[in-house]
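This briefing covers spaces, helices and selected residues in one structure. The sequence and model come next, followed by the notes.

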Amino acid sequence: MSSSSSDPEKLMAKADKLTKLSFTRWNADWKSATALYEQAAIAYKFRKDNVKAKDAFEKASKGQEMISSPWDAAKHMESAAALAKELGLWNEVSDFYRRASEFYRECGRSQPASDALAKGASALEDKAPEEAIKLYDDACVLLEDDGKEQMAFDLYRAAASLYVKLEKYSDAAAFHLRLGSAADKSNAVNSQCKAYLSAIIIYLYAHDFQQAQKCYNDCSEVQGFLNSEQNRCAMKLLAAYEEGDAEEIKRAAQSSTINHLDHVVIRLARKLPTGDLQAIKKVLPGGDGDDLDEDDLT
Amino acid sequence: MEDVVKLQKLSVKKMKGVSAEDMALRPDLVAALHHRIQSIPVPDGGSGEGGTAGQNGARTGIQFDSSAETLDEGYFQTSEESEAFRREYEMRRIKQDEGLDFISEGLDTLKNLAEDMSEELDRQVPLMDEIDRKVDKANSELRKTNVRLKETVNQFRSTRNFTVDIILICVILGIGAYLYNVLSQ
């Protein structure tokens, strides 16, 4: 017995025999098979044989699923996914983490489910950013549905940083606004204000001044934001943009309030102003002038 | 005292734009002034008056000699010392401002940290409640199990079962011994 317990190949073979249905075997014995798979997986991991360990974990997870213990199934799936990450099999990573998350959801535990998706997303950030974004989004949705948005703050920030890296600025700002509304529900005023300021800065960096103005007006509806340090900073920044004064913009962007935001956003703020300030100036008075004329006529 | 005399002389002189009543009043005013000046006690080195004498002594030292000779160019000229004093004051004020800016930045960081900590703690509160609930449940189940285990162990140790066990063991030993005897023959 001792020799077979330390020889993972033999364990795997035995377990496979137990699960394969044949003429003599009508019901697969998943219980003992799962135990053998688990032992084999640990032995492979000890030997640093990642491919076989990953397979063993996968089979162990299947076994746990068969004996209806989703929690253990999920745990094995996660181990398999971590090994897949080491091996660089990115689609498997995403697949495994998603399945692990499904199992956790079966147990009714949304927090570990979202954690599994988040782990998958951070593993895929460099190699498959689109997939990573989807995973982050699903993780956030999971927590939102369960009313546990407070745990999702870090996920929102990570997703927004990834969008910024992909240069999809409106999506990044949208994520910050989502953070803001989640913070609102959980009464986290400081995070909310920081999220709104981050969104405004991202819009300004993307050189979308109208959007930034609109965003600022929407956020001013919120009482908590109105009385905050971040509001003052946003006001200064937008006023500097309206005047088209580059020096003033730079000074407003160096203020200490901005240093408390996410470092991705700080980097964007340091690079302000982007593009042509004169174009903004041209846009602004044109719009204001038309409105005034309409009012004057009526 | 000489000035009062001068004032008296001036008051009698006829001036333009001064009405007749004012002219009549003036000598009286000068006399009153003279009287008031006289009534101020002068310290004579005597220790009787003490503090008030000292004050008055300072006052008599004051001379309102803002006459034409002293109000010349040199009077309002800033001297070297006052210039240096002003410069030092400005430097110190600038340094103070710098220090206060530094402190303000530090306080900003502290405020941010404190608010983040507060939010984090708010996040932890329901988790702690959850843990508390689960631990209480586990605790009560453990106690129930312990009680049942104690009952079972006690039952096991009761003499009735014990005696039955002893009898059965003796029977088995007897049978074993008999077989051994039979086989060794």
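A cavity is a set of points, on a 1 Å grid over the protein atoms alone, where a 1.4 Å probe fits but cannot get out; a pocket is an open set with protein on both sides within 12 Å along at least five of seven lines; lining residues have an atom within 4 Å of a point. The model is predicted, so local features need pLDDT of at least 70 and side-chain atom pairs count only at pLDDT 80 or more, while totals for chains, interfaces and linings use all residues. Residues are numbered from 1 along each chain as its sequence is written, chains are lettered from A and ligands numbered from 1 in the order in which they are written, and side-chain values use heavy atoms, with hydrogens and water left out.

**Largest cavity**

- One cavity of 30 Å³ or more turns up in a search of the whole structure.
- The largest cavity holds about 30 Å³ of space, where a volume is the space filled by probe spheres set on grid points, and the points are joined across faces, edges and corners.
- Its lining is made of A:R157, A:A160, A:S161, A:V164, A:H176, A:I202, A:D262, A:V264 and A:V265.
- Helices α9 and α16 (263–271) of chain A each supply at least two residues of this lining, and α9(A) gives the most, with four residues.
- Helices (H or I, at least four residues) and strands (E, at least two) are DSSP runs, numbered from the N terminus.
- By class, the lining of the largest cavity has five nonpolar, two polar and two charged residues.
- Ala, Val, Leu, Ile, Met, Phe, Trp, Tyr, Cys and Pro count as nonpolar, Asp, Glu, Lys and Arg as charged, and the others, Gly among them, as polar.

**Second largest pocket**

- The second largest pocket contains about 570 Å³ of space.
- It is lined by 24 residues, of which A:Q111, A:P112, A:K148, A:M151 and B:L127 are the closest to its centre.
- Two or more lining residues come from each of α7 (110–124) and α9 (153–165) of chain A and α4 (80–157) of chain B.
- Helix α4(B) provides the largest share of the lining of this pocket, seven residues.
- The lining of the second largest pocket divides into nine nonpolar, six polar and nine charged residues.

**Helix α2 of chain A**

- Helix α2 (residues 8–19) of chain A has 12 residues and spans 16 Å from its first C-alpha to its last, close to the 16 Å expected at 1.5 Å a residue.
- The expected span is 1.5 Å times one less than the number of residues in the helix.
- A:P8, A:L11, A:M12, A:A15, A:L18 and A:T19 are the buried residues of α2(A).
- These residues lie on the same side of α2(A) because they cover an arc of only 125° around the axis.
- The arc is that of the directions from the helix axis to the C-beta atoms.
- An α-helix has 3.6 residues a turn, so residues three or four places apart point the same way.
- Buried means under 20% relative accessible area, exposed over 50%, and partly exposed in between (1.4 Å probe, protein chains only).

**Serines in helices of chain A**

- A:S198 sits in helix α11 (residues 189–205) of chain A and counts as buried, because its relative accessibility is 2%.
- The side chain of A:S198 makes a polar contact with the backbone oxygen of A:K194 at 2.7 Å.
- A polar contact is a pair of N or O atoms within 3.5 Å; within protein, one must be able to donate a hydrogen and the other to accept it, and residues adjacent in sequence count only if both atoms are side-chain atoms.
- A:S122 belongs to helix α7 of chain A and is partly exposed at 43% relative accessible area.
- The side chain of A:S122 reaches the backbone oxygen of A:K119 at 3.0 Å.
- A:S122 and A:A132 are 10 residues apart along the chain, and their C-alpha atoms are separated by 6.9 Å.

**Loop residues of chain A**

- A:K48 is in the loop between α3 (30–46) and α4 (50–66) of chain A, where A:K48 is exposed with a relative accessible area of 67%.
- Phi of A:K48 is near 65°, a positive value in a residue other than glycine.
- A:S68, in the loop between α4 and α5 (70–87) of chain A, has a phi near 45°, also positive in a residue other than glycine.
- A:S68 is exposed, at 59% relative accessible area.
- A:E167 lies in the loop between α9 and α10 (169–185) of chain A and is exposed, at 57%.

**Chain B**

- Chain B has five helices and zero strands.
- Of the 185 residues in chain B, 5% are buried.
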